[in-house]
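Here are some notes to go with the model, written as numbered points. Have it open while you read.

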Amino acid sequence: FTKSAIDLAYAHLVRTTCHELTTQQECFKALHVEEFVKRFDALAVDDHANLNHLMLVFRNFRESEMIEIKLKSIIMNKSPKKYDSALKTQAVFALAERAIRQGLETEYFLPVFLNRNEDHEVRIAAFDMMMRVTPTTTTMNKIMTYMIYETDNEVFNYVYTAFEKFATQCNEPCGLVLNNNAKYFIKYWKQHMWQKPKYTIGVSK
């Protein structure tokens, strides 16, 4: 427990120390962020406790480009090791703040969401992170169009319910665009799409 707390506290201190944007990445390097990546890479894929701990540490570093590259490789399945869906979901959460700050949430998370070979837990996390900002009409259209042939009921039901919520709830002024887009797409969905949510036992949680 003490070692875990030290790692998390160290990551927080590094993040607050490396706040100057012009020298931020050099600062992270000087304070040995790469050592945490090496520790992560050395772990077996079934060492869940230590992997989850280091994922929390990565989330605390937040603005490190090195951590960003590592997390992206995990969620895009480009890492040499194949991690389970629970860890990839944590990687999505750990990457989200930096991705959103850079305006890269669609570039990073839309391919994950659209990957039907990915577990629904990871896809839903990617969807949620995209919805934390105002997605473009193009992004909303891609999501809805993809739902026409969606085979995972968990994903389908979650997205449909989210669109309904966005269409009925509006936090002005930031949520107005999302609200208007959701109203348009949910209306089209109900009128023209044959598939509807299924909430029966054994189909969706």
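1. The tally is 11 helices and 0 strands. Keep in mind that this is a predicted model.

2. Some overall numbers. The chain has 205 residues, and 42% of them are buried. If you take the contacts with a separation of 6 or more, 66% are between residues 24 or more positions apart.

3. Now to helix packing. Two packed helices are described by the angle between their axes and the distance between the axes. For helix 6 (residues 85–101) and helix 7 (residues 105–114), the axes come within 9 Å and cross at roughly 150 degrees. An angle over 145 degrees counts as roughly antiparallel, so this pair of helices, at roughly 150 degrees, falls in that class.

4. Who does the touching there? On the helix 6 side you'll find Val92, Leu95, Ala96, Ala99 and Ile100, and they meet Glu105, Tyr108 and Phe109 of helix 7. By class, that contact has 7 nonpolar residues, 1 charged and no polar.

5. Helix 7 also packs against helix 5 (residues 65–75), with axes that come within 10 Å and cross at roughly 20 degrees. The two helices are therefore roughly parallel to each other, and their crossing is left-handed. Helix 5 brings Glu68, Lys72 and Ile75 to the contact, while helix 7 brings Glu107, Tyr108, Phe109 and Val112.

6. On to the rings: the whole structure has 8 aromatic pairs. One of them joins phenylalanine 36 and phenylalanine 61, edge-to-face, at 5.2 Å centre to centre with 70 degrees between the planes. This pair links distant parts of the chain, since phenylalanine 36 sits in helix 3 (residues 33–42) and phenylalanine 61 in helix 4 (residues 48–61), 25 residues apart. Both phenylalanine 36 and phenylalanine 61 are buried.

7. What about phenylalanine 156 and tyrosine 160: how are their rings arranged? The centres are 6.3 Å apart and the planes are at 15 degrees, so the pair is stacked. The two are 4 residues apart in helix 10 (residues 153–168), which means about one helical turn separates them. Phenylalanine 156 counts as buried because its relative accessibility is 0%. Tyrosine 160 is at 6%, so it counts as buried too.

8. Last, a couple of backbone spots to look at. Histidine 32 is not a glycine, yet it has a positive phi of about 65 degrees. You'll find histidine 32 in the loop between helix 2 (24–30) and helix 3, and at 44% relative accessibility it counts as partly exposed. Asparagine 77, not a glycine either, has a positive phi of about 60 degrees. Asparagine 77 lies in the loop between helix 5 and helix 6, and its 30% relative accessibility makes it partly exposed.

Definitions and conventions
Residues are numbered from 1 along each chain as its sequence is written. This is a predicted model: local features need pLDDT of at least 70, side-chain atom pairs count only at pLDDT 80 or more; totals for chains, interfaces and linings use all residues. Side-chain values use heavy atoms; hydrogens and water are left out. Axes are lines fitted to C-alpha atoms, for helices over the stretch in contact, and angles run from 0 to 180 degrees between N-to-C directions. Contact means heavy atoms within 4.5 Å. Ala, Val, Leu, Ile, Met, Phe, Trp, Tyr, Cys and Pro count as nonpolar, Asp, Glu, Lys and Arg as charged, and the others, Gly among them, as polar. Angles under 35 degrees count as roughly parallel, over 145 as roughly antiparallel, 65 to 115 as roughly perpendicular and the rest as oblique. A crossing is left-handed if the near helix is turned anticlockwise from the far one by less than a right angle, and right-handed if clockwise. Rings of Phe, Tyr and Trp (its six-membered ring) pair if their centres lie within 6.5 Å; planes under 30 degrees apart count as stacked, over 60 as edge-to-face and the rest as tilted. Buried means under 20% relative accessible area, exposed over 50%, partly exposed in between (1.4 Å probe, protein chains only).
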